[in-house]
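Please keep the structure open while reading.

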Amino acid sequence: MTVPAGGRGTTTVAPRAVRRIAERAAAEALPDGGSVLRGSAGVRGTSARISVGVRLPYPVRADEAARRIRERAVARTAALTGLSVPRAEVRVDALSAGTPAPVVPEAVEVAPGPDGGLPGPRIRAERRVPAAVLAAVGAVACGLLLADVVAVRFGGAPAGWRTAVLDWAATHGPADAAVRIGGAVAAVAGAWLLGCALLPGLRRRLRMAAPGPGVRAALDRKAAARILRERALGVPGVVRARVTVRRRRAGVRAGVGYGDPAEVRAEAVRVLDAALLELGLARPPALRVRVRRETGRADAAEDGVSGGPGGPGGPASLRDGGEA
C-alpha cells in the first residue's frame, strides 16, 4: 500500500537547532583568535533567519571577516537544515587584542570595494520594545472591545466600562482640561511612534563601505575608538591617549612623555589617518589630534609649538588644537 506524500508526516527543524548550526558554521569561518559570543534564529515555514555575534582578533578587516562568516553560516545552515536563509546578520560585538603594544604600520591605501566604496544600505534599528508595547496595548484593547460586541450581539448587556466612557465623552468637550491633556499625550505618543517607524536609529554605529552587493556593514563607535587608542599608544612618545569617536569627528587627546610634542603629533596624525582608512568606513570622520606634555616642568612649552589659534595651553603644558 502506498501512502500519499501528504500523509507521510513532516520534518520540523527547531529554531534552537538552527541557532546551534549557525553558530558552529560561523565558528568554522572565524580567523585565528576569534570566537562566537551568541546567536539567534527564527524559523517560519521553509525559511530561517539567523543572527550571530562574534569576537574578532585585532587587527583584522572586520568587513571582510564578517562577509566570510556570513557566507559560511548561510551555506552550512541551508545545506544541513534544508531551509532557505534569505536573511543573515553578523554582528562584531567585541575585539580581542593579541598584543599589548601593537606595531605601528605604514600608511596604506585601501582599495575601494565592489561598489566603489559607497556606503551600503543603512542598518535600521529593530525597536522590539516599542513594537511589543504597541502590539500588547492594541491586542488588549481590541480583545476587550470584541468581547463586549460579541456579548451584546448575543443579547447581553454592554460592559460598564464602555457605557462609562461614552457617558464621559458626551459630557466633556474640547475645552475641558482633561481632554486637552489627553490630546497632548496622544500627539506626543503618535510623534514618538512615527519617529520609531521612520528614523533608522542605531546612531552609535558608523556605516562601512559595502563589501559586496546586498551586504550591509556597520562599526560600533566604541570599537573604532578602541582601535584608534591602541594605534595612538603605539606611537613613540605617547604615554596616554583618550579617544572619542562621533559620526563626523574623531577626537584624540594624547599625553607626551618624551620627545618633541610637534614631532609626536605629526607621527600620531600619520598613524591615525592610516588607521581610519583601515576601518573601511564609508565616510571616515575628520581627525582632530591634541597633544599635551605629561611632565610637570615649567619649561615644557618650550619643547614644541602650538598649531591652534589659542597658542600653548598653559605654562606646564602644550596643546595642539589643529585638525588633520
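Within the sheet, Val 243 has Val 252 of β7 as its bridge partner. The model is a predicted one, in which local features need pLDDT of at least 70 and side-chain atom pairs count only at pLDDT 80 or more, while totals for chains, interfaces and linings use all residues. Residues are numbered from 1 along each chain as its sequence is written, and side-chain values use heavy atoms, with hydrogens and water left out. Helices (H or I, at least four residues) and strands (E, at least two) are DSSP runs numbered from the N terminus, and two strands are said to pair if DSSP finds at least two bridges between them.

**The three-stranded sheet**

- The open sheet is formed by three strands in the order β6-β7-β8, with mixed pairing; its edge strands, each pairing on one side only, are β6 (238–245) and β8 (286–293).
- On average, and with direction ignored, neighbouring strands of this sheet are turned by 15° against each other, where axes are lines fitted to C-alpha atoms, for helices over the stretch in contact, and angles run from 0 to 180 degrees between N-to-C directions.
- Seven bridges link β6 to strand β7 (residues 249–256) in the antiparallel sense, and these two strands form a hairpin with three residues between them.
- Further bridge partners in β7 are Ala 254 for Ala 241 and Val 256 for Val 238.
- Strands of a sheet pair through backbone hydrogen bonds, either parallel or antiparallel.

**Packing around β7**

- Strand β7 is largely enclosed by the rest of the structure, because six of its eight residues are buried; buried means under 20% relative accessible area, exposed over 50%, and partly exposed in between, with a 1.4 Å probe and protein chains only.
- Helix α6 (residues 221–233) packs on the sheet and touches β6 and β7, its direction making about 160° with that of β6.
- Helix α7 also packs on the sheet, touching β6, β7 and β8, and its direction makes about 150° with that of β8.
- Gly 257, in the loop between β7 and α7, is partly exposed with a relative accessible area of 27%, and its C-alpha atom is separated by 5.6 Å from that of Gly 237, 20 residues apart along the chain.

**The nonpolar core**

- The largest nonpolar core has 50 residues, of which Leu 56, Leu 228 and Val 245 touch the most other members; such a core is a set of buried Ala, Val, Leu, Ile, Met, Phe, Trp, Tyr and Cys residues joined through side-chain atoms within 4.5 Å.
- Helix α7 (residues 261–278) gives this core its largest share, seven residues.
- Apart from neighbours within four places in sequence, Val 245 is in contact (heavy atoms within 4.5 Å) with Leu 206, Arg 221, Ala 224, Ala 225, Leu 228 and Ala 250.

**Helices and backbone details**

- Helix α3 (residues 128–153) has 26 residues and reaches 37 Å from its first C-alpha to its last, close to the expected 38 Å, a span defined as 1.5 Å times one less than the number of residues.
- After α3 comes Gly 155, with a positive phi near 95°.
- Tyr 58 and Pro 59 are joined by a cis peptide bond with omega about 0°, and Pro 59 lies in the loop between β2 (47–58) and α2 (62–81).
- Most residues other than glycine have a negative phi, and most peptide bonds are trans.
- Glu 23 is found in helix α1 (residues 15–28) and is buried, with a relative accessible area of 16%; leaving aside neighbours within four places in sequence, Glu 23 is in contact with Val 36, Arg 38 and Gly 39.

**Whole-protein totals**

- The protein has seven helices and eight strands, and buried residues make up 30% of its 324 residues.
- Among contacts between residues at least 6 apart in sequence, 64% join residues at least 24 apart.
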